Amino acid sequence: MAIVALVSAKGSPGVTTTALACALSWHRRLILAECDPAGGSVLAGYLGGALDGPRGIGELAVGELRDGNLESAFWSQLVDLDAPRRERLLLPGVVDPAQAGSITPLWQRFADFFTSLERGDPPYDVIVDCGRLQVLGPPWPLLRAASVVLVVTRAQLPDLSGTRAMLRSIERDFAEHRVPPGTLRLLLVGDGHGKSEISKALRMPVIARLPHDPRTAGVLSLGGTVRAGRPLLRAARGLEVPIGTLLERRRARLAWPVSQGVPDAI
Ligand SMILES: Nc1ncnc2c1ncn2[C@@H]1O[C@H](COP(=O)(O)OP(=O)(O)O)[C@@H](O)[C@H]1O
Ligand SMILES: [Mg+2]
């Protein structure tokens, strides 16, 4: 499946909560990579700080800059969310946002490495929490490398206006960098305007709407036991289907010989 990136425009619409809900409920083998330059929060939140020392993308970046050892160091920096199966792994984000500056030059390296995990043995897909785009050093290379980019937004007007501006800046960047079209989708969180209304106003398809479910979101943010039957988890699990379809279409499009053109149905 490759890289599925989640990003937001402003505020805190629930990027991390959504990414974690997907990581805990999807059926495929995956890694949740916290690449928000503003800092990771799953270790301290959902996992209640449970860990025996620093681990995560910050450590990985230090090692890579010093020894170029990303491939060999990667697996020891992960936390098993589903121990001992190693089917849902977490790459914790930076703890101190000041650390993020040292990672900025490595985003392309991480993007290439995450892409290669799809062809590993066993293969892993990577859900990337890119955080908010309006921060210093946003992980653009990860967004460009993603097979699907989910722009997470609340569905009220003030959120939507910020999201619309951000969509246009992503589209401009993708055009400049020749990113194949069709990777961007809106993902709504909570109540507000209707899906088709938003899709039309923002000129972007809406892949789904996740319910306002403060109880489950609270557990995902602060720790506790998540119940698979809760509305947020059920909706996150449901998201795997349209995303899978999008990825299959994209694969077919990329595999189609250029000389034959792209089939209309894709
Ligand atoms: N679907 C949801 N329903 C209710 N509350 C949510 C939902 N998603 C996130 N939240 C809450 O919103 C706040 C911000 O979520 P978070 O995932 O940290 O946002 P972001 O990563 O975009 O900054 C948290 O308190 C979280 O519990
Ligand atoms: Mg976050």
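Predicted model: local features only at pLDDT ≥ 70, side-chain atom pairs only at ≥ 80, totals over all residues.
**The largest pocket and its lining**

The largest pocket has a volume of about 530 Å³, and 32 residues line it. Nearest the centre of this pocket lie S12, G14, V15, T16 and T17. Helix 1, which spans 15–25, strand 5, which spans 125–132, and helix 9, which spans 214–222, each supply at least two residues of the lining, and helix 1 gives the most, with five residues. Sorted by class, the lining of the largest pocket holds 14 nonpolar, 13 polar and five charged residues.

**The ligand in the largest pocket**

Where does ligand 1 sit? Ligand 1 sits in the largest pocket, and 15 residues are found around it, of which S12, V15, T17, D213 and S221 come nearest. S12, V15 and T17 are also among the residues that lie nearest the centre of the largest pocket. Helix 1 and helix 9 each supply at least two residues of the shell around ligand 1, and both of these helices likewise supply at least two residues of the lining of the largest pocket.

For T17, an N or O atom of the side chain is 2.5 Å from an oxygen atom of ligand 1, while for T16 the corresponding side-chain distance is 2.9 Å. At A217 a backbone N or O atom lies 3.4 Å from an oxygen atom of the ligand. Taken on its own, ligand 1 has 560 Å² of accessible area, and the protein covers 76% of it.

Rolling a probe the size of a water molecule over the atoms shows where empty space is left. How many cavities of 30 Å³ or more does a search of the whole structure find? The search finds one, and the largest cavity has a volume of about 40 Å³. The residues that line this cavity are A9, K10, P13, V152, T153, R154, D159 and T163. Strand 6, at 148–155, and helix 7, at 157–176, each supply at least two residues of the cavity lining, with strand 6 giving the most, at three residues. By class, the cavity lining divides into three nonpolar, two polar and three charged residues.

The table sets out the volumes of these spaces together with the classes of their lining residues.

| Space | Volume | Lining residues by class |
|---|---|---|
| Largest pocket | about 530 Å³ | 14 nonpolar, 13 polar, five charged |
| Largest cavity | about 40 Å³ | three nonpolar, two polar, three charged |

**Backbone features in loops**

Most residues other than glycine have a negative phi, and most peptide bonds are trans. Against that background, the peptide bond from A83 to P84 is cis, with omega near 0 degrees, and P84 has its place in the loop between strand 3, at 79–80, and strand 4, at 88–91. The peptide bond from D121 to P122 is cis as well, again with omega near 0 degrees; P122 lies in the loop between helix 5, at 107–117, and strand 5, a strand that also supplies at least two residues of the lining of the largest pocket.

Which phi does R178 have, positive or negative? R178 is not a glycine, yet it has a positive phi of about 55 degrees. R178 is placed in the loop between helix 7 and strand 7, the latter at 184–192, and helix 7 is also one of the elements that supply at least two residues of the lining of the largest cavity.

Note on methods:
Residues numbered from 1 in each chain as written. Chains lettered and ligands numbered in written order. Heavy atoms only, no water. 1 Å grid on protein atoms, 1.4 Å probe; cavity = no way out; pocket = protein on both sides within 12 Å on 5 of 7 lines; lining within 4 Å. Points joined across faces, edges and corners; volume = space filled by probe spheres on them. Helix = DSSP H or I, 4+ residues; strand = E, 2+ residues; numbered from the N terminus. Nonpolar A, V, L, I, M, F, W, Y, C, P; charged D, E, K, R; others polar. Near = heavy atom within 4 Å. Polar contact = N/O pair within 3.5 Å; in protein donor to acceptor, adjacent residues only side chain to side chain. Areas by Shrake-Rupley, 256 points an atom, 1.4 Å probe, with all protein chains shown as cover. Sits in = over half its atoms within 2 Å of the grid points.
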